[in-house]
Amino acid sequence: MIKVKDLSKEFIMHILNGKVIEGFKNVSFELEKGRAMGIKGKSGRGKSSILKCIYRTYIPSTGSIMYESSGFGGVDLARADDHTVIEIRKSEMGFITQFLHIIPRVSALDVVAEPLIGAGVERENALKKAAGLLSELGIPERLFDAYPSTFSGGEKQRINIARAVITKPRLLFMDEPTASLDEKSTATALAVLNALKAGGTTMIGAFHDIRLMKQIADVIYDLDEMEA
Amino acid sequence: MRKPVLRVRNVTKIFGKGCRTCLDDGSVFEGGICPDCGSITGCKNISFDLFPNEILGIVGESGSGKSTLVRMLYFDVEPTKGEMFIEFEGKNGVSAGLPGFTGLTGENNIFKTGSFIKRQLKNFFFGMVYQSAHLGLNLDVTAGGNIVERMLMANGRNIEKMRARASMLLARTEIPVERMDSPPKNFSGGMQQRVQIAKAIANDPAILFLDEVTSGLDVSVQAKVLDLIRKLQNETGVSMLVVSHDLGVIRLLTNRTLVMKNGRVVESGLTDQILEDPQQEYTQVLVNSAL
Ligand SMILES: Nc1ncnc2c1ncn2[C@@H]1O[C@H](COP(=O)(O)OP(=O)(O)O)[C@@H](O)[C@H]1O
Ligand SMILES: Nc1ncnc2c1ncn2[C@@H]1O[C@H](COP(=O)(O)OP(=O)(O)O)[C@@H](O)[C@H]1O
Ligand SMILES: [Mg+2]
Ligand SMILES: [Mg+2]
Ligand SMILES: [Zn+2]
């Protein structure tokens, strides 16, 4: 479903006299539908950058990202035009970011339901689904109408997970999705993610904890090994 | 793939008589003043597409040509050259009853159509919210009157119906209905912007232009107006062109962004990409100074 070839990212910092910062170099892999890949590597090796290049928050410097889209057929995400990327993100992708990008003054329930409403699901229905998902992730009901900006790190992270998985995306990116969760909420989060995977979602994730990564990943891409 | 509702091609505005130097598509002058004829470049060679339901941001420092651009699209300012095409099949009565107008087929350069059609488009198809309320409102006429006036321009007839709709629009933009019969000159800045928004959406436009609508407001008031804009876009699916020098506004509202400098687009991309992986030096400075 996704085939990444010779992908590299360099950041050219014009404001630092053109200094070049290497994000990562020569990444190639292939992943079949419904499989999960974990990216392993020390801090700064480029795990987040790889995810962001595929999602196109970063523009890749070299290489191709052939993605088999349900709506557009074969697309090279490294070169696809902005509108195609916007459409594919909306209808096929989810991204659990490391930190919640706060949308101010929107309730937890609405934050989570929003992508589903954007995908055309009727509002009442979307809110019901959001509530179910939040309960599953162990968010107490009294927080549903509160603003996530006031939540603890672990609660924010679960909002983030719920928002990314509610549409049951075909392709899910996860950047340290359980980093700020305690043991119990990590277990429920992994259960939610594994259920999604069982439903056919393809996943690419960066994890700081190898033990956790192995609970969801079928294959591991080791950036440290590449370096050695 | 859906088609753009608006296509803008090579739009240029030179203030002054212009000469070969400043009309040349390749020329750029710091500060925008032509060294040969003294004319000022407002915008140079701007092209972009706007899709249905899309919120496109335009960011750039003061004087970069953002307002000139939207004012040309809204027919407030006449372009020196360039084209605009609209492709739209929908309700909203623009092509209905326009003599000699074949409809919004995306084939005619709208800048070259007659003043009647432009006026119709301005009234039915576009909406505009200006930075200064006095440009968008008659501050001495009641809030309700301002809105009814816009409906009249779009051939509204039944006064009772129009008043009822004005009251509904004011409620939607969170203006207390009892203020409907007061003039906006007595309103706070945030309320004036809400009335402007209510007026701009009075005829259900397909495209809304928002030029620095929150720039003069206190931070807390700003936040509420931005919430309102998000809510309206969600509910109506109107396409928006959001002009702001404030990257926070752009981040909150838009999916895609054009970065302008000296009248030109220097970079465009997905908004998260512009913010996290800016390519041009100018954008990198802009993003870094906003942090
Ligand atoms: N937006 C960016 N601009 C400049 N440098 C970046 C940016 N994102 C990441 N980097 C650099 O790229 C390298 C890899 O970072 P990252 O992908 O965050 O690694 P990891 O997620 O493995 O910790 C680091 O040196 C980091 O400083
Ligand atoms: N009516 C006008 N006559 C002459 N110059 C103008 C006029 N309007 C704008 N300009 C000039 O055009 C340039 C772009 O201005 P403007 O579009 O207002 O920028 P922005 O909205 O990005 O701040 C500036 O140099 C400005 O001084
Ligand atoms: Mg990281
Ligand atoms: Mg301006
Ligand atoms: Zn000149």
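How far is an oxygen atom of ligand 1 from a polar backbone atom of A:Gly46? The distance is 3.0 Å. Keep in mind that this is a predicted model, where local features need pLDDT of at least 70, side-chain atom pairs count only at pLDDT 80 or more, and totals for chains, interfaces and linings use all residues. Residues are numbered from 1 along each chain as its sequence is written, chains are lettered from A and ligands numbered from 1 in the order in which they are written, and side-chain values use heavy atoms, with hydrogens and water left out.

Let's stay with ligand 1. It has 14 residues around it, counting a residue if one of its heavy atoms lies within 4 Å. The closest are A:Gly44, A:Lys47, A:Ser48, A:Ser49 and A:Tyr58. Chains A and B both supply residues here, so the site is shared between chains. A backbone N or O atom of A:Lys47 sits 2.8 Å from a ligand 1 oxygen. For A:Ser49, a polar side-chain atom is 2.6 Å from an oxygen of ligand 1.

Now ligand 2. Its surroundings include B:Phe15, B:Ile40, B:Glu61 and B:Lys66. B:Thr68 uses its side chain, with an N or O atom 2.5 Å from an oxygen of ligand 2.

On to helix packing. Helices here are DSSP runs (H or I, at least four residues), numbered from the N terminus. Axes are lines fitted to C-alpha atoms over the stretch in contact, and angles run from 0 to 180 degrees between N-to-C directions.

In chain A, take H3 (residues 108-118) and H4 (residues 123-136). Their axes are 8 Å apart, at an angle of about 125 degrees. H3(A) and H4(A) are therefore oblique to each other (under 35 degrees is roughly parallel, over 145 roughly antiparallel, 65 to 115 roughly perpendicular, the rest oblique). By class, the contact of H3(A) with H4(A) has eleven nonpolar, no polar and three charged residues.

In chain B, the pair is H5 (residues 143-153) and H7 (residues 189-200). Their axes come within 9 Å and cross at roughly 25 degrees. That makes H5(B) roughly parallel to H7(B). The contact includes B:Ile147 and B:Arg150 of H5(B), and B:Val195 and B:Lys199 of H7(B).

Note on methods
Helices (H or I, at least four residues) and strands (E, at least two) are DSSP runs, numbered from the N terminus. Contact means heavy atoms within 4.5 Å. A polar contact is a pair of N or O atoms within 3.5 Å; within protein, one must be able to donate a hydrogen and the other to accept it, and residues adjacent in sequence count only if both atoms are side-chain atoms. Ala, Val, Leu, Ile, Met, Phe, Trp, Tyr, Cys and Pro count as nonpolar, Asp, Glu, Lys and Arg as charged, and the others, Gly among them, as polar.
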